[in-house]
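Dear colleague,

Please find below the sequence and the structure that I am handing over to you. My notes on what was found follow directly after.

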Amino acid sequence: MALTDADVQKQAEEEFNIEKGRLVQTQRVKIMEHYEKKEKQIEQHKKIQMSNLMNQARLKVLKARDDMIMDLLNEARQRLAEIAKDPARYATLLEGLILQGFYQLLEPKVTIRCRQQDVEMVQAAVKKNTPIYKAAVKSNIDVKIDQECFLPSEICGGVEVYNANGKIKVSNTLESRLELMAYQMIPEIRVNLFGANPNRKFTD
């Protein structure tokens, strides 16, 4: 039985509608996937932005904290400079630094380097400390004060003590003692200033 024009048209419309529905559904899925992808990208971008902002805030806090610690150390350095201006206190301090240098080296011959303006004080400290050292370690010590190469006059004070060949040095300048104390105490200073952080281990 031959199809009439009406049947052909009806069949064609049905096929058209099926194809149209398939195309619409395909495009709908593509659009949904596109927007899901966009939404994920936006969410990821927000997370990255939030992470960057948190890192920037953390760095600002760390910088402010380290600046405060540096201010404390600078204040301590200024106080050290004041000690050297008090001859009695500074002379006693030099005696201790020099004797400590002797004990750390335990060498029969040592050379002391100091600021040029401290030579007389250092000579007096050596004269006082040499018999104390000899009595303590039951050994002689020959002490030379370097009169050619001095420590910079702008440092706060103190001495450097060398063994005979100059290869071993004990740095007992006031700055080096402050740096050593700061290195040892910075974790404690941070806790006192900013509170304990259970997630942080002080290794620096």
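A salt bridge is taken here as a side-chain nitrogen of Lys or Arg within 4 Å of a carboxyl oxygen of Asp or Glu. The model is a predicted one, in which local features need pLDDT of at least 70 and side-chain atom pairs count only at pLDDT 80 or more, while totals for chains, interfaces and linings use all residues. Residues are numbered from 1 along each chain as its sequence is written, and side-chain values use heavy atoms, with hydrogens and water left out.

Overall architecture

The protein contains 4 helices and 4 strands; helices (H or I, at least four residues) and strands (E, at least two) are DSSP runs numbered from the N terminus. Their order along the sequence is α-α-β-α-β-β-β-α. Of the 204 residues in the protein, 26% are buried, where buried means under 20% relative accessible area, exposed means over 50%, and partly exposed covers the range in between (1.4 Å probe, protein chains only). The protein exposes about 15000 Å², and 56% of this is supplied by carbon and sulfur atoms; accessible areas come from the Shrake-Rupley method with a 1.4 Å probe, and for residues only the protein chains shown count as cover. If one takes the contacts (heavy atoms within 4.5 Å) between residues at least 6 apart in sequence, 70% of them join residues at least 24 apart.

Strand pairing

Two strands are said to pair if DSSP finds at least two bridges between them. Strand β1 (residues 109-114) runs parallel to strand β2 (residues 142-145), and 4 bridges join the two. Within this pairing, Thr111 stands opposite Lys144 of β2. From β1 the chain passes through helix α3 (residues 119-137) to reach β2, in a β-α-β crossover that is right-handed; that is, with the strands pointing away from the viewer, the path from the first strand over the helix to the second runs clockwise. Strand β1 is also joined to β3 by 5 bridges, and these two strands run antiparallel. Here the bridge partner of Arg113 in β3 is Glu160.

Salt bridges

How many salt bridges does a search of the whole structure find? The search gives 6, and three of them are described here.

One joins the side chains of Arg22 and Glu19, at 2.5 Å from N to O. Both residues belong to helix α1 (residues 5-84) and are 3 residues apart, about one turn of the helix. Arg22 counts as partly exposed because its relative accessibility is 45%, and Glu19 is likewise partly exposed, at 34%.

Another salt bridge is formed by the side chains of Glu95 and Lys128, with an N to O distance of 3.1 Å. This pair links distant parts of the chain, since Glu95 is in helix α2 and Lys128 in helix α3, 33 residues apart. The relative accessibility of Lys128 is 46%, so this residue is classed as partly exposed.

A further one connects Arg113 and Asp146, whose closest N and O atoms are 3.4 Å apart. Arg113 lies in strand β1 and Asp146 in the loop between β2 and β3 (158-163), so the pair ties together parts that are 33 residues apart in sequence. Arg113 is partly exposed, with a relative accessible area of 22%, whereas Asp146 is buried, with 10%.

Surface patch and backbone

Which residues form a nonpolar patch on the surface? They are Tyr103, Leu106 and Ile132, which together have about 270 Å² of accessible area. Patches are made of residues with over 30% relative accessible area and no salt bridge; like charges are joined within 9 Å, and nonpolar side chains (Val, Leu, Ile, Met, Phe, Trp, Tyr) within 5 Å. Tyr103 is located in helix α2 (residues 87-105) and is partly exposed, at 32% relative accessibility. Leu106 is found in the loop between α2 and β1 and is exposed, with a relative accessible area of 52%.

Most residues other than glycine have a negative phi. Leu106, although not a glycine, has a positive phi of about 50 degrees. Lys138 is another non-glycine residue with a positive value, its phi being near 55 degrees. Lys138 lies in the loop between α3 and β2 and is exposed, with a relative accessible area of 70%.

With kind regards
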